[in-house]
Amino acid sequence: MIDALTGVLLIPAVGAALLAALPGYRLTARLNVLAALATFLTAVSLFVVEPRSGPYLLVDDLNKVFIVLTTFVSFTTAMFSASYIGHEIDIGRLTPTFVRFYHAMYQVLMFAMNLALVANNIGLMWVAIETATLTTVLMVGIYRTHEALEAAWKYFILGSVGIALALFGTILVYMAARPVVGEGLYAMVWTVLVTRAAEFDPALLNVAFVFLLLGYGTKVGLAPLHAWLPDAHAEGPTPISAVLSGLLLNVALYALLRFKMLLALNPAALAPGPLMVTMGLISCVFAAFMLYRRRDIKRMFAYSSIEHMGIIVFAFGMGGPLANFAGLLHMTMHSLTKSAIFFTVGHIAQVKGTQKIADLGGLTVTHPVLGWGLVLGVVAIAGLPPLGIFMSEFLVVSSTFARQPWLATILVLGILVALGGLFLRLNGVAFGEPRGPATPAQASYVPMFAHLSIVFMAGIYLPPALVTGFENVAKLLG
Amino acid sequence: MHGLQFDVAHLLAGSLVLVSFMLLYQDRLYALLNVYAAHAAVLAASVTWQAYVQDAPHLYVTASIALIFKAIIIPIVLHRIIVKLGIHREIETVVGVGLTMLGGIGLVALSMVVMLRVTPGADPLAREDLAFALSVVLIGLLVMVTRRNAVSQVVGFMSLENGLVLAATGAKGMPLVVEISVAFSVLIAFIVIGIFLFRIRERFDSVDMQALDRFRGERR
């Protein structure tokens with residue numbers, strides 16, 4: 001029986017097999033977009049007909065939000081990727097064989113991320129996240145330059161260590177569940193775990209959560225475990241930077257949130273909130289200051305991702321319906337905005353032939369659409385009104401001010417420092433003296449402006465259905 | 001659980017920690033690979049014993065994967081790669097052997113304190129296994145940190161995964177899906193690494209991470 005739940009897994013799996021077999025990048029790029037679109041439509045249908053959850057796959061309000069966001073950004077990124085890869089082939093940076101490999105890997109990555117989101121089994125979720133990591137390692141190293149290989153190697157080593165720690169945490173959760181639930185499969189099933197979590201051994205759960213936080217936290221890119229993230233973003237193909245920032249970090253965050261829910265249900269276990277708040281704040285402030293010294297534009301936006309993941313983890317760490325709502329909204333807005341920025345930056349780097357900030361200048365004069373797109377994206381990501389991120393950041397800050405004014409002050413400091421850093425660089429890149437070639441870009445502007453217009457709309461008006469949906473999830477998160 | 005069964009399981013898990021220590025001070029790649037093969041063999045013995053004691057036949061699969069794949073095939077392949085690359089010379093360790101060993105002892109003490117304190121309720125075998133497994137994981141991390149050479153970092157990572165397998169088998173009745181996935185992920189990880197090593201050699205004629213570290217990303 002094939003329902004929407006298996007659909008979001010089956011379509012990318014079949015897509016990957018097909019794309020690995022078919023030659024010709026024009027055809028495969030289109031197929032890639034089609035497969036991503038089909039997955040997205042299947043994901044949307046989860047809201048209409050909710051399939052039953054089994055011992056392996058699960059669907060609830062929380063993961064529906066993540067799945068739809070993931071498949072939507074995957075779809076738009078596939079569209080961007082089609083024009084991006086076309087250019088890479090034209091200039092001979094990628095050979096057709098590598099492009100075939102790239103497209104197959106793209107679908108494998110979609111499969112792994114969807115599997116991580118729908119898995120009802122903590123072991124299965126771990127396997128999915130590990131697969132996603134290995135796939136992205138291969139894609140980051142695809143250009144095979146000195147820098148790309150070092151970035152991929154660093155990502156591989158740090159990612160594996162994180163994943164290993166997460167597995168140890170997973171085993172500990174099983175150990176905690178075993179005396180209560182009994183041996184075997186059901187001691188690893190979410191829906192069973194959450195009903196019995198109150199009876200688990202709290203000490204074991206505490207240690208497990210520390211390992212899970214460090215393990216999956218590495219994948220979220222929390223400081224001080226973030227070292228892989230800027231390299232991986234800067235050296236891989238830009239569609240992968242967009243997927244990494246926009247989606248993969250969210251998937252790791254989703255795993256963390258699930259385990260946080262588990263801990264919250266056990267009254268004797270330690271409160272996971274303060275740990276997450278601390279790591280979130282450190283990441284936010286640290287990354288904000290790091291923004292000032294960047295010379296590579298993709299690397300700069302990678303640090304901005306660390307900053308925003310810090311804010312999101314902070315919001316979820318604070319907990320409560322309002323902060324959770326703000327965290328969810330911020331996560332959605334960040335995914336959309338950051339991937340839009342990477343779409344723009346990808347095209348800019350292609351027309352100018354460089355990613356160095358010093359060699360970019362006067363983009364609004366030479367390439368008005370790309371230049372103003374970048375300006376709009378940076379205005380959005382810096383959190384200026386009236387765009388979506390302003391609203392979510394405002395919610396995070398205001399809900400924190402009511403409870404912990406000091407923490408909110410530090411957070412605001414981080415946000416403002418980041419804003420300064422971003423605008424300092426944007427000024428030179430977008431305005432200033434025009435530099436580099438002024439040949440018109442062969443870009444597809446649709447994905448970029450689709451994302452930015454959603455972010456713009458969200459800043460002004462949130463549909464009531466979305467608000468109630470997010471409120472339900474926020475309550476679920478506790 | 002009979003006294004003898006417990007003692008043997010304890011002995012094998014303890015030996016794994018001991019072999020982990022031996023990984024720490026090997027200063028030649030060949031020797032390091034041989035010790036890693038011994039590490040995997042001890043793991044296989046330990047998993048076999050667990051399979052027998054727990055009466056869990058699926059664990060024999062995990063044990064044979066550990067023996068055939070990790071203890072025999074991987075060391076042989078890595079030997080070949082080392083010969084091909086011509087790097088069978090000394091490993092440069094970052095800090096001295098003495099300090100590294102002290103660090104290892106500290107990590108074992110840490111994992112004993114953490115794991116034994118939080119698991120008074122669990123059955124004794126699982127407790128000790130978890131404590132030993134955590135030691136192996138942490139020493140594996142230490143190996144990765146103290147080595148500069150890509151091959152020895154990979155060995156450190158594989159010893160770390162051995163510790164995870166020990167933990168997974170110690171947790172009684174853990175579903176097979178995880179064990180296979182652990183073994184499988186080692187396989188994938190190894191393929192990835194293999195590709196990497198070849199690419200790295202192709203590009204730089206070196207697998208010394210120090211050579212890679214020249215690139216800091218922000219320099220112009």
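This is a predicted model: local features need pLDDT of at least 70, side-chain atom pairs count only at pLDDT 80 or more; totals for chains, interfaces and linings use all residues.
Residues are numbered from 1 along each chain as its sequence is written, while chains are lettered from A and ligands numbered from 1 in the order in which they are written.

I looked up the elements of chain B next and found eight helices and zero strands, taken as DSSP runs numbered from the N terminus (helices H or I, at least four residues; strands E, at least two). For helix 2 of chain B, residues 29-54, I read 37 Å from the first C-alpha to the last, close to the 38 Å expected at 1.5 Å a residue, the expected span being 1.5 Å times one less than the number of residues. Asp55(B), which follows helix 2 of chain B, has a positive phi near 55 degrees.

I then turned to chain A, where helix 12 (residues 297-318) and helix 17 (residues 405-430) pack at about 160 degrees with axes 11 Å apart; the axes are lines fitted to C-alpha atoms over the stretch in contact, and angles run from 0 to 180 degrees between N-to-C directions. Helix 12 of chain A is therefore roughly antiparallel to helix 17 of chain A, a label for angles over 145 degrees. Among the residues making this contact I noted Ile311(A) and Phe314(A) of helix 12 and Ala418(A) and Leu422(A) of helix 17.

Methods:
Angles under 35 degrees count as roughly parallel, over 145 as roughly antiparallel, 65 to 115 as roughly perpendicular and the rest as oblique. Two residues are in contact if their C-beta atoms, placed from the backbone, lie within 7 Å.
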